Each structure stands twice: as structure tokens, then as C-alpha cells.
Amino acid sequence: MELSERKRKILRAIVDSYVRTAEPVGSKTIAAMPDMDLSSATIRNEMAELTALGLLEQPHTSAGRVPSAAGYRFYVDELMQEYRLSVEETRSINQALEGRMQQVDQAISQVGRLVSKLTNLPAYALAAPAKPVTAKRFDLIQTGSQSVIFVVMLDNDQVRNKLIRLPLEVNEQDLHTLAAFLNTSLTGLTAEGVTPDVLARITRQAGTAAPLAPLVAEFLLELLHEKPGEVYMTGQARLLAQPEYRDVDKAQTVLASFDKDVASCLPVLAGKNGTQILVGPENVAAELKNTSVVMTKFDIGDGMQGMIGVVGPTRMDYAQITARLSYFAENLGRMFQKPGDAALPPAGGDHEKDPEA
């Protein structure tokens, strides 16, 4: 979406103001800003056009506007300025990381608590293999005329199995044929590689075992999408300090999802190290449709990566949260790189510049 410089300037000002105040932003507020040389009437017209484009919303009958999920996404992708951590912020993070963390699980749990404290938002952390898990071998073992055990060996040498019952008989030869096709077509594939076309081809050649194909595919995809290791969640109560969650029902929806099954509702950052932001409806879990998540990864060693994420309102300060998480992850990666060398960057480096200086 292309926006004029004037619209971009107004949208950035509205997002920044709303992040600070949690109050709808009116044209007079924007016009009064020091670097804004536009009249209230001009700003109102531009705000109306931004609303028509779906980047702003008008809550209730208020004359002010608030950013929509699409507005936040445009802000993050196009308008967000780099946030420079202050000396005090980098000092706080460095001090938090000074303690030695010997066990990975212990370290990951502690990371979540530190990040939650530094951002004043709920945080989660986990350790996972650096590359997506894939299947290494498949076996189908007949246990009765209408029952089969499906065995999957993953490339991390875990072996998982499931008993599958069918309303019809399957002969052993067709089971061997299906297992052969599975080993030829599905080994080494990530979840994204298990496409409908691949599954359709296997089903066509499975003979009487064809009804098994979608069932084994479903179980395989569950394994490939499974979040490895424990997800450590902390600071859930910090969400209640945000104005958006003064509504008890709204807060309860999000908090209950954390208590129920935190591993399934929270997103995991795939691929290489880096930071990703999911705004509102971009989250898969329905309970998180009104929240945003900022995630980043760091290397642990031994083929493992750590991941930390922050959950908060769509009104969160994306630039500040991203800067803090990135700096945190950078130093954690350095800490895990060499067990005997956990030195942090010296004071006065690039990250130590005060933005007010």
C-alpha cells in the first residue's frame, strides 16, 4: 500500500500518541505536535482517508481515531523508527545476565522471568532444535484385520506411534506398499513440504490401505508442528496493568488460554535467528486476536536455539520491545556460545548510547 508522506506522518503520529496514552487521538492533538505544520481540517481529512483505507478505526462515537491491526502492521513494516536503548536500559539487561546459568532448562526459565520484568509484559521462552524436525522412517504394523500401529522415527531419533482403527480390512501387502511410499515421499520433509498433492499421490497408490493415508498424514503433521520442549510462561498478571485489559472478560479470555495450553496458543518463530512481530489477527490462536507478539531467537549450541517472546496489547511500543529483545538475545547467544566465556559488551559500545544525548 502506497501512502503520501503526509498520510505516513499523520499515521505515525497517531500510533505513537496512542501507544503513550491509550486514548483515541483527535486532529487537534496531532495539529498541536511540535513537528506538525498542518491544520486541524487537513488532518481530519487525512484521518478520514486513513480510516477508509482500513488503517484507522473510530471507537464508539469518539471523534478520535485509534490504529487498526492493519495500521499497526503498516507502522511496523514502514514507519517504525529504530529505538536506541538508553545507558540505563543496557545496564539493567547486563546486570540481569551477570548470573551464571549452567543448565539450559534453568536458563530458559530464568530468561522468561527477566524479559517479563524488563518489558512489564507477559513473556515466554523455550529451547528447540535449530532446524525443523522431519521424519526419518515410517513403519505400519498390522495388529488385527482392522487395526494398524503407525510408527514414525523422527530425525532427532525420537520414535512415536499411534494405533489406528479402520472400518474395513487392510491386507498386509498393501500396508507394506503404503509404508514404502511414505518412506519414499515423506521422509526429510518439513510440515510445509507435506502438501495436498504429495498426499493425494500416496493415497492413489495405496490400494486397500488408501483410507489410512489421511490418518497417517494427520498424525505426522501433528508431530512436525509439535513444539519441542517445555514452554516457560511468566508475568501473566502484568497484562492486567494495561488499560485494554481492565475489562475482566477480555483479560480472562487471554489469561485462561495461557493456563489451559500455553504451548499450543503461543506462536514459535521458525527459521533463522531474528525478530518477528505478529499483530492482532495475525496470531493463529483465537484467544490472541486482540494481542500482539514480538519474538526473537538466539543460538544455544549443540544444534539448539532459544526463543523469547513478549505478549501484549496491539498498542505496545513495538520499537522499544524489539530493541530490548534483540539486545537480550544478542547477549544470550554470546553467553551460550562458549561455556567459559560469557563476557558482555563493554560499556560505551553502540548499544550504550543514550537516545537523549
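Predicted model: local features only at pLDDT ≥ 70, side-chain atom pairs only at ≥ 80, totals over all residues.
A nonpolar core is a set of buried Ala, Val, Leu, Ile, Met, Phe, Trp, Tyr and Cys residues joined through side-chain atoms within 4.5 Å.

**Overview and cores**

The protein chain has 357 residues, of which 45% are buried. Its secondary structure comes to 11 helices and 10 strands. Of the contacts with a separation of 6 or more in the protein chain, 62% are between residues 24 or more positions apart.

In soluble globular proteins, nonpolar side chains tend to be buried together. In this model, the largest nonpolar core has 55 residues. The residues with the most contacts inside this core are Leu11, Ile30, Val115, Phe298, Ile308, Tyr318 and Phe328. Helix 11 (residues 318-337) supplies the largest share of the core, namely 10 residues. Apart from this core lies another one of 29 residues, which includes Val148, Leu186, Val194 and Val198.

Phe328 shows how such contacts reach along the chain. Leaving aside residues up to four places away in sequence, Phe328 touches Ile93, Leu97, Val111, Leu114, Val115, Leu118 and Ile308.

**Helix packing**

Two packed helices are described by the angle between their axes and the distance between the axes. Helix 1 (residues 5-21) packs against helix 4 (residues 69-79) at an angle of about 110°, and the axes are 10 Å apart. Helix 1 is therefore roughly perpendicular to helix 4. The crossing of these two helices is left-handed. On the side of helix 1, the contact is made by Arg8, Leu11, Arg12, Val15, Asp16 and Tyr18. Helix 4 contributes Gly71, Tyr72, Phe74, Tyr75, Glu78 and Leu79.

Helix 1 also meets helix 3: their axes come within 10 Å and cross at roughly 85°. These two helices are therefore roughly perpendicular to each other as well. Here Arg6, Lys7, Ile10, Leu11 and Ile14 of helix 1 meet Thr42, Ile43, Glu46, Met47, Glu49 and Leu50 of helix 3.

Helix 3 (residues 40-52) also contains Ala48. Ala48 has 38% relative accessibility, so this residue counts as partly exposed. Between Ala48 and Gln58 the separation is 10 residues in sequence and 9.6 Å in space, C-alpha to C-alpha.

An open sheet of 5 strands has the order 7-3-10-9-8 and antiparallel pairing. Strand 7 (232-234) and strand 8 (275-279) are its edge strands, each pairing on one side only. On average, neighbouring strands of this sheet are turned by 20° against each other, direction ignored.

Strand 5 (residues 147-154) is mostly covered, with 6 of its 8 residues buried. A hairpin through 2 residues joins strand 4 to strand 5, and Phe138 has Val152 of strand 5 as its bridge partner. Ser147 stands opposite Arg165 in strand 6. The hairpin of strand 5 and strand 6 has 4 residues between the strands, and Asp157 takes a positive phi near 70° there.

| Strand | Partner strand | Bridges |
|---|---|---|
| Strand 9 (residues 291-301) | Strand 10 (residues 304-313) | 10 bridges |
| Strand 4 (residues 135-144) | Strand 5 | 8 bridges |
| Strand 5 | Strand 6 (residues 159-165) | 7 bridges |

Notes:
Residues numbered from 1 in each chain as written. Heavy atoms only, no water. Buried < 20%, exposed > 50% of the residue type's maximum accessible area, 1.4 Å probe, protein only. Contact = heavy atoms within 4.5 Å. Pairing = 2+ DSSP bridges. Axes fitted to C-alpha atoms, helices over the stretch in contact; angles between N-to-C directions. Parallel < 35°, antiparallel > 145°, perpendicular 65-115°, else oblique. Left-handed = near helix turned anticlockwise from the far one by under 90°.
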